[in-house]
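Please examine the model shown below. The paragraphs that follow lead through it step by step, beginning with a single side chain and ending with the chain as a whole.

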Amino acid sequence: MKRKAGDGIGRERELEIAAKRRRALTVVGVDEAGRGPLAGPVVVAACALPKDFDGAGIDDSKKIMRASVREALFERLTTAAGVRLAVSVVSPRHVDGRNILAATLDGMRRCCQSFVASKPIEHCALPTCTTASDDEDESDGEVRACYTSFSPNASASKRPKKKAEQFYALFDGNRVPTDLPFEGEAIVKGDGKELCIAAASIVAKVTRDRLMTALHRRYPSYRFDQHKGYPTAWHREYIKENGVCPHHRRSYAPVKEALSRTTALKLVVKKQPRPPQRGARRAEPPKKTGKVKTAAEKAKAAKQATTKAAKEAEKRVAAAKRCKKDAAKPATKAAKQAEKLAASKTVTKAAKEAEKRVAAAKKCKEDATKPVAKAAKQAEKRVASAASKKGAAKPAAKAGKGAKTRATAGAKKTASEEKQKAEDAKKKKKGKQPR
């Protein structure tokens, strides 16, 4: 059943699972943010909501377009009584080492484990910029920084006991992590169906956006605060101009292409140099040691340096041509698309004109056939009237014929009677009795 616009997300599956269990059950919604970007971590969040929680306004984070609305909902979730949260931040190195799906499942597993931990961290501040570190490039790639938070308004008496409490997880998507501390199931597009998953999606999205904003302050040339690491056209252009930073995911194709052009695009790690301390001595230049080169050796070294410089210049020219060609591709593609669009518009216009002409021809044909049809109808009427007149004349003719026949028969009878009378008169005269 589709949800109408303006309706809140329900808790149907959560209540159904809780009704089947005899003991107290806490349903945890789990969702992630940041699987598609080229840079930055994957953030996984888990959220358990109390039964009386007001879910007005909470929806899938992808449907909430304004960042200010997401921030307000994030503050509601992190300060409401009885809400329990866990957040896992998975580094880009872990994504490169495991692949994005396995890394996401690792973060989900870590969030679920935090709910059954023997010593949970109560009201721990959620991450802002703690994971945006340059040392991450040389780390072993494990899942870093798992934060667990209970509501600060929940009293100690209301907090559940871990021994008596049971958990059940609802994951957004179609995969369930292995080695979970409790049971769970996956719901496709669950962040738009279940309230606890939608709440987890908001927490994960806002947490990751804050991390990328903090990362922008460290690497301003990439403008992470605008695109949040997603593969937009501007982000790709910044990678071409500045190279790859330690927080880019090297297993993703656009980053791989940028790393393959090492001659034109070098790895850039912009670190602020430390200011010299007061009273520190300046480093002395190294003393020249070794034997003095001869004129032939100097000429040979100069020739080698010239050849090397020429080769490097050729490589740079080739790289510049390649970059220019890559930059010209979008313009060529756009021009072709414009030509196709113009051609389609011309064809559409011609088709419309042809339809108009066909309609006009049909109308003319109909106008031409109208007089013929009218004349045919009039002719049919005349034929019908003539036929009706002929049918009326037949009985009169038949009646006239009958009258004539009767008159002839009467005349014959009268003549025969007169003849008989004459014969009787003759016989009477002769003395014979009449018949």
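A polar atom of the side chain of Glu194 lies 3.5 Å from the backbone nitrogen of Glu14. Such a polar contact is a pair of N or O atoms within 3.5 Å; within protein, one must be able to donate a hydrogen and the other to accept it, and residues adjacent in sequence count only if both atoms are side-chain atoms. The model is predicted: local features need pLDDT of at least 70, side-chain atom pairs count only at pLDDT 80 or more, while totals for chains, interfaces and linings use all residues. Residues are numbered from 1 along each chain as its sequence is written, and side-chain values use heavy atoms, with hydrogens and water left out.

Glu194 is found in the loop between strand E6 (183–187) and helix H5. Helices (H or I, at least four residues) and strands (E, at least two) are DSSP runs, numbered from the N terminus. Which residues does Glu194 contact, if neighbours within four places in sequence are left aside? They are Ile9, Gly10, Arg11, Glu12, Arg13, Glu14, Leu170 and Ile187, where contact means heavy atoms within 4.5 Å. Glu194 is buried yet has no salt bridge, and the nearest side chain of opposite charge, that of Arg11, is 6.3 Å away. Here Lys and Arg count as positive and Asp and Glu as negative, whereas His and the chain ends are not counted. Buried means under 20% relative accessible area, exposed over 50%, and partly exposed in between (1.4 Å probe, protein chains only).

Side chains of opposite charge can pair when their charged atoms come close. A salt bridge is a side-chain nitrogen of Lys or Arg within 4 Å of a carboxyl oxygen of Asp or Glu, and by this rule the count comes to 14. One of them joins Arg13 to Glu16, with the closest N and O atoms 3.2 Å apart. Arg13 and Glu16 are three residues apart in helix H1 (residues 12–20), a separation of about one helical turn. An α-helix has 3.6 residues a turn, so residues three or four places apart point the same way. Arg13 is partly exposed at 23% relative accessibility, as is Glu16 with a relative accessible area of 37%. Salt bridges also link Arg13, Glu16, Lys20 and Glu185 in a network.

A second salt bridge connects the side chains of Arg70 and Asp209 (3.6 Å, N to O). Because Arg70 lies in helix H2 (residues 67–79) and Asp209 in helix H5 (residues 195–218), the pair ties together parts that are 139 residues apart in sequence. Arg70 is buried, with a relative accessible area of 9%, and Asp209 is buried at 12%. Helix H2 also holds Phe74, which counts as buried at 3% relative accessibility. The C-alpha atoms of Phe74 and Val206 are separated by 7.1 Å, although the two residues are 132 residues apart along the chain.

Attention may now turn to helix H4. It comprises residues 100–115, 16 residues in total, and reaches 24 Å from its first C-alpha to its last. This span is close to the 22 Å expected at 1.5 Å a residue, the expected value being 1.5 Å times one less than the number of residues. Since 13 of the 16 residues of H4 are buried, the helix is largely enclosed by the rest of the structure. The N-terminal end of H4 is capped by Asn99, a side-chain oxygen of which lies 3.1 Å from the backbone nitrogen of Leu101. Asp106 forms a salt bridge with Arg98, the closest N and O atoms being 3.0 Å apart. Asp106 is buried at 11% relative accessibility, whereas Arg98 is partly exposed at 43%.

Aromatic rings form a further set of pairs. Rings of Phe, Tyr and Trp (its six-membered ring) pair if their centres lie within 6.5 Å; planes under 30 degrees apart count as stacked, over 60 as edge-to-face and the rest as tilted. By this rule there are five aromatic pairs. The rings of Tyr219 and Tyr222 have centres 6.4 Å apart and planes at 65°, so this pair is edge-to-face. The rings of Tyr222 and Phe224, with centres 5.5 Å apart and planes at 15°, are therefore stacked. Tyr222 is buried at 2% relative accessibility, and Phe224 at 0%. Elsewhere, ring pairs link Phe115, Phe167 and Phe182 into a cluster.

Finally, the protein chain as a whole has nine helices and six strands. Of its 435 residues, 32% count as buried.
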